[in-house]
Amino acid sequence: MGYYEFKIKISDESKDALIQMMSQAGCLGVIENGNTITAYFPDFLGINKITDALSSSKKTLKDSGLDDKMSFEYVFIGERDWNESWKKKFKPIDVGENLTILPPWEENSNGRISLIIDPGMAFGTGHHETTKTCLTLIERFSKDLIPPLVNSFLDFGTGTGILAIAALKLGFKHAVCVDIDPLAIDAAQRNAELNTLENIEIKEGSISLVDGKFDFIAANLMSEILIQNAHKMASSLNKPGIALLSGMIVGQEDDVITAMEKEGLHVLEKFYDGRWVSVLLTH
Ligand code: SAM
């Protein structure tokens, strides 16, 4: 498979809305740098469909009263070149007190817990603020909680599987991962193998597939999806248990919290990192 790399110039006020619309149109990942967004789309979508989606996003920005000035250019990247360009971008990074995320072609010699992640085309390289916040909080909880509370972990929207992999390496006994994207499922399975983990179940689909209850639920997802699935998340959480919701843009957190409160959960802590919010809740 090849990819189209788009470089899009857009104003600050319209960036988040555009990224959300592109993600709905099949965009697999973005890198933000000032007012330029680099966005990747798989070639099977077809270039006309992608450019049409950008044109209709421009119209939606205008209709919403946002700045719709936007320019873009794109190049096609074949699969081999894609892998090479990824390799150059993806370097080891330390997260939290004792975690290091590293790609399979690098060696960890610093004695920290390594999370070996081959990103493939899935979200979750650990370079995104929300993934880093989730990892830091999972690490904190796995240390603070007494062992019976770190048995089961649900990773809702697993991407590369990075959060479940961290949870298992930090002492959780069992993890279930779900994602609607088949590319994410492939990446998560490969990463579970790279980290020689067996006590991990990876399923293609949404949280409705999941049975049973969990001590910890991590959901790094868009706020609309968190709201839609508030009931299922609450009913899948053990008492006591912790739900970590991330992926909300500042300003969206109140609606997500209200939806969770209706299901009987309350907020323990909120964390702000730039424009992103993460929230810890319990029953
Ligand atoms: N958990 C990883 C992390 O923290 O880096 C990846 C998070 S990424 C922002 C969100 C993931 O959720 C994507 O892989 C996407 O395919 C998946 N996703 C989106 N909607 C979903 C749904 N309704 N059910 C399950 N997965 C979903």
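**Legends to close-up views of a predicted model**

View 1. S223 belongs to helix α7, which spans residues 223–228; helices (H or I, at least four residues) and strands (E, at least two) are DSSP runs, numbered from the N terminus. The model is predicted, so local features need pLDDT of at least 70 and side-chain atom pairs count only at pLDDT 80 or more, whereas totals for chains, interfaces and linings use all residues. Residues are numbered from 1 along each chain as its sequence is written, and side-chain values use heavy atoms, with hydrogens and water left out. With a relative accessible area of 5%, S223 is buried, a term that stands for under 20% relative accessible area, with exposed meaning over 50% and partly exposed in between (1.4 Å probe, protein chains only). When residues up to four places away in sequence are not counted, S223 touches M248, Q252 and V256, contact being defined as heavy atoms within 4.5 Å.

**View 2. Residue V95 in strand β5.** Strand β5, made of residues 93–95, contains V95, and this residue is buried, its relative accessible area being 4%. Once neighbours within four places in sequence are left aside, the contacts of V95 are I101, R112, K132, L135, T136 and E139. The C-alpha atom of V95 is separated by 15 Å from that of K143, a residue 48 residues apart from V95 along the chain.

**View 3. The packing of helices α1 and α2.** Helix α1 (residues 12–24) packs with helix α2 (residues 47–63) at an angle of about 140°, and their axes are 10 Å apart; axes are lines fitted to C-alpha atoms, for helices over the stretch in contact, and angles run from 0 to 180 degrees between N-to-C directions. The two helices, α1 and α2, are therefore oblique to each other, since angles under 35 degrees count as roughly parallel, over 145 as roughly antiparallel, 65 to 115 as roughly perpendicular and the rest as oblique. On the side of α1 the contact is made by S14, A17, L18, M21 and M22, and on the side of α2 by L54, S57, T60 and L61. By class, the residues of this contact of α1 with α2 comprise six nonpolar, three polar and no charged, where Ala, Val, Leu, Ile, Met, Phe, Trp, Tyr, Cys and Pro count as nonpolar, Asp, Glu, Lys and Arg as charged, and the others, Gly among them, as polar.

**View 4. The chain around these sites.** The chain has nine helices and 14 strands, and of its 283 residues 51% count as buried. Its C-alpha atoms fill a box of roughly 55 × 45 × 30 Å, taken along the principal axes.
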